[in-house]
Amino acid sequence: DDLQHNQAIILGTHEAKGQYNIASKKYKESNPYQQLVTRDKNNFSFNAGKSLMMLDFDGHPLLDEYTVKTFRKMIIQLFPFLKNIEMLIVPSSSANIYRSDTDAPANKSSGMHIYILVDNGLNIESVGERLKYHQWIENIGYHKVAKDGKLLERHLFDDMVYSAERLIFEALPKVHEGIKFKKRDYASYDYFPGEVLKTSGLELSDDERQEMNSLIAADKLNKSPKSQAAREKYKQHLINDFVSKNVSKQKAVEYANQILDKEIQVLPPILRLKSNKHGYTSVNDVVADVAKYTDDTFVDPLQTIDSNEFRAKVFKNPDGSVIMYSMRHGGTNYILKNKDSDIFLEAINECNDINSLDILNKKIKEYNNISNNDYSLIINEYNKKNKELTNINLTSKELNKLFAKNSFEPRHDGVYY
């Protein structure tokens, strides 16, 4: 309980000795004389000796009610090699959060962190894979169908925590109005004395790994019809919502496809967002005043209707583009589109002759508030329309020359000038 709400622990270690601040790779490169380290796989690793391993449990459809002791009994039945292993089970930092008005739990399920000692930290990922194998063999692994149709692989534990650079939050949470925190009951901390887990021999054989992957693939195929149905339902919801805001049906379909069908998900300017501090807003409003929202949190943009979990933040890149990072389902980056750049994209698509396209090109070059990312989108659309009208596919060099202003270099703030 001595940890502050903005502090976390890492089970991996960094090769540097002493006290350092965590920073991004770009910031570290720009400030070589500061005591900085980057938090990534290349810089953090587990010890090649006795190490702590954490199992992160956040609920499962097969487990409606459970206690720490019944949960431990279940995991020992699943993983017999954990029977005599020293173990500490603690409630997750959000387990004791309740609604102020009803005293009902604020979370659908109470998570737990299970700590064990292993004899070689370098084998932690192999132990995690062994745990995953047993769960798929025992029909505990499954695919969850997300609202947007994505198939999300799930089982009892989060596989991501087996990476040495991952943050673990054990501090008491900071709660806001409408939510209260009940002081931790240390009777809910269960310590079981035992041995250190010997990790040698727990790595999967090639046959076991193939068996597990076959089960995962089969379940994914089995859930495919539900996935497609969920995706089409949500796509239609998006289209109807955009049409209700006086967007043409054709444009509404295009917007929905940008959100659901692209490898990089692009949020159109008109999309409604739910902010923790400012209530409902739109993508365009956020892009227009990023500073107002950088200290805010958002509901994932694909869950705005039916969720109050504010697990997303917006960031402005050095090139001027704005992204939203959501921690939903393992993490997703969204690009937030500027309304002005969207107008240019729409105008390009509506051009019926090469003269109109040339005039539009001049207008785009006169406009000084387009980020590198949006500028790239515009150039790509221009090239597609140019090919449609002239049957000529311009090279990157020709496009750069065509869209060059006084210089094709962006200003220091990333905006072309």
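Biologist: Which residue lies over the face of F192, at 4.1 Å from the ring centre?

Modeller: This is a predicted model, in which local features need pLDDT of at least 70 and side-chain atom pairs count only at pLDDT 80 or more, while totals for chains, interfaces and linings use all residues. Residues are numbered from 1 along each chain as its sequence is written, and side-chain values use heavy atoms, with hydrogens and water left out. A charge sits over a ring if NZ of Lys or CZ of Arg is within 6 Å of the ring centre and within 35 degrees of the ring normal. For F192, at 4.1 Å from the ring centre, the residue over the face is R72.

Biologist: How far from the ring centre of Y280 does R272 lie?

Modeller: Here too an arginine is placed over the face of a tyrosine ring, with R272 over Y280. The distance from the ring centre is 4.0 Å.

Biologist: F192 is the bridge partner of which residue?

Modeller: Strands (E, at least two residues) and helices (H or I, at least four) are DSSP runs numbered from the N terminus, and two strands pair if DSSP finds at least two bridges between them. Strand β6 (residues 87-91) pairs with β12 in the antiparallel sense over three bridges. F192 belongs to β12, and its bridge partner is M87.

Biologist: What is the order of the strands in the open sheet of four strands?

Modeller: Strands of a sheet pair through backbone hydrogen bonds, either parallel or antiparallel. In this open sheet of four strands the pairing is antiparallel, and the order is β5-β8-β6-β12.

Biologist: Which helix lies across β5 and β8?

Modeller: The helix in question covers residues 124-137 and runs at about 35 degrees to β5. Lying across both strands, this helix is α3.

Biologist: How many aromatic pairs does the structure hold, and what kind of pair do F242 and Y255 form?

Modeller: Rings of Phe, Tyr and Trp (its six-membered ring) pair if their centres lie within 6.5 Å, with planes under 30 degrees apart counted as stacked, over 60 as edge-to-face and the rest as tilted. The structure holds five such pairs. For F242 and Y255, the centres are 5.3 Å apart and the planes stand at 70 degrees, and the pair is edge-to-face.

Biologist: What span does helix α5 (residues 249-260) reach from its first C-alpha to its last?

Modeller: Helix α5 has 12 residues, among which K251, A252, Y255, A256, Q258, I259 and L260 are buried. The expected span of a helix is 1.5 Å times one less than its number of residues. The expected value is 16 Å, and the span of α5 is close to it, at 16 Å.

Biologist: Is N246 buried or exposed?

Modeller: N246 is placed in the loop between α4 and α5, and has a positive phi of about 65 degrees although it is not a glycine. Because its relative accessibility is 76%, N246 counts as exposed.

Biologist: In which strand is H14 found?

Modeller: H14 counts as buried because its relative accessibility is 18%. Leaving out residues up to four places away in sequence, H14 touches V37, T38, N43 and F44, contact meaning heavy atoms within 4.5 Å. The strand, which covers residues 13-14, is β1.

Notes
Buried < 20%, exposed > 50% of the residue type's maximum accessible area, 1.4 Å probe, protein only. Axes fitted to C-alpha atoms, helices over the stretch in contact; angles between N-to-C directions.
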